[in-house]
Amino acid sequence: MICMLMGLGFYPPVNDAVKVRMAGGVLDECEANQDVLLSDTMDQYRTFQMCERLLQSPAKLANQLLFQIPPHRQTMLIERYYAFDDAFVREVLGKKLSKGTKKDLDDIGAKTGVTLKSCRRQFDNFKRVFKVVEELKGPLVENIRQHFLLSDKLARDYAAIVFFANNRFETGKKKLQFLTFQDFAFCAGQLINNWTVGAVDNMVEDMDVDLDKEFLQELKELKVLITDKDLLDQHKSLVCTALRGKTKAFAEMEANFKNLSRGLVNIATKLTNTKDVRDFFIDLVEKFIEPCRSDRWTSADVKLYLTHYTNSAHILDSFKHQAVWDRYMGVIKSCIFKMYHD
């Protein structure tokens, strides 16, 4: 089976694959000589080349009669074929899955240490999954899992890749380099589950791919939290009262409250613009994460602050947009918690 995976870019040419198998003790197990092992390895390479087209439509693999592959081996083969390197996906995340990006694979391979063959397989898999699921009704993760027979974890990762490619989120800027693919994948899951149309209506088309435009319009109502001076002062008073004595960073929290609140609310009110959606993660870093880092907040400080910041808005008598606020801040809190690296 090692040799059947040669098309994935995991393993080098036949002679090297033979050495890998010999190092694993296969000759002792099978009581064979090196010539027999070489012949078997070459057979597996040819077999893989023939069955690779089936892996591109995994459901066909279970129904074909040409290759006698046990179900558990089929599952492993599919999972490995669609596996990807985090270093590679981090470079293409948010980019258009087009010929233009594919032309850059040489450079991406050199930068990440991933072979060009593997880069091409991974990129083609991303593009294939995107094309199949972008027009389907129903939950994105479930569609990927059903059509490509992937594990739940891998299906969720592919859902993140599809979601980022569709919305073209900026991930390549220097100030975002500290974030890993798994950081972004977690945030994608939060956005998919809470800010898409499918979060409130599971019968619409493209439900998990596009953000809920009606919700994005409603976010403009949150502007009152920073434009109404009395409301802003009241919000600050409530938050600071709740935080006093609970953290060493209290003085910084009190001094920076208005700037931080303006930053978070302004992110919300601009999400009707495509460019601001693309800059969502840059804005979170610039307007919240970097200021908190410069004041040396711990992750615990960030959680404490955002929890009271969110909850205190419920006590504001004249603030009438609680449902929109909770839908917005629920995602913002989760994303910042994940993105804030001490």
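The largest pocket of this predicted model holds about 370 Å³ of space. A pocket is an open set of points on a 1 Å grid over the protein atoms alone, with protein on both sides within 12 Å along at least five of seven lines, and its lining residues have an atom within 4 Å of a point. Grid points are joined across faces, edges and corners, and a volume is the space filled by probe spheres set on them. Local features need pLDDT of at least 70 and side-chain atom pairs count only at pLDDT 80 or more, whereas totals for chains, interfaces and linings use all residues. Residues are numbered from 1 along each chain as its sequence is written, and side-chain values use heavy atoms, with hydrogens and water left out.

**Largest pocket**
- The pocket is lined by 23 residues, of which V141, R156, A185, G189 and N193 are the closest to its centre.
- Helix 12 (181-195) gives the largest share of this lining, eight residues; helices are DSSP runs (H or I, at least four residues), numbered from the N terminus.
- Helix 10 (140-148) and helix 11 each supply at least two lining residues as well.
- The lining divides into 11 nonpolar, six polar and six charged residues. Here Ala, Val, Leu, Ile, Met, Phe, Trp, Tyr, Cys and Pro count as nonpolar, Asp, Glu, Lys and Arg as charged, and the others, Gly among them, as polar.

**Domains**
- The domain assignment gives domain 1 (14-82), domain 2 (86-199) and domain 3 (213-339), with bounds from an automatic or database assignment.
- The centres of domain 1 and domain 2, taken over C-alpha atoms, are 27 Å apart.
- Eight residues of domain 1 are in contact (heavy atoms within 4.5 Å) with 11 residues of domain 2.

**Largest cavity**
- Domain 2 and domain 3 each provide at least three residues of the cavity lining.

**Nonpolar core**
- The largest nonpolar core has 102 residues, and those with the most contacts inside it are W195, F280, F281, F288, W297, Y305 and Y328.
- Helix 11 (residues 152-167) contributes the largest share of this core, 10 residues.
- Such a core is a set of buried Ala, Val, Leu, Ile, Met, Phe, Trp, Tyr and Cys residues joined through side-chain atoms within 4.5 Å, buried being under 20% relative accessible area (1.4 Å probe, protein chains only).
- Residues up to four places away in sequence aside, W195 touches Q190, L211, D212, F215, L271, F280, R327, Y328, V331 and I332.

Terms used:
Buried means under 20% relative accessible area, exposed over 50%, partly exposed in between (1.4 Å probe, protein chains only). On a 1 Å grid over the protein atoms alone, a cavity is a set of points where a 1.4 Å probe fits but cannot get out, and a pocket is an open set with protein on both sides within 12 Å along at least five of seven lines; lining residues have an atom within 4 Å of a point.
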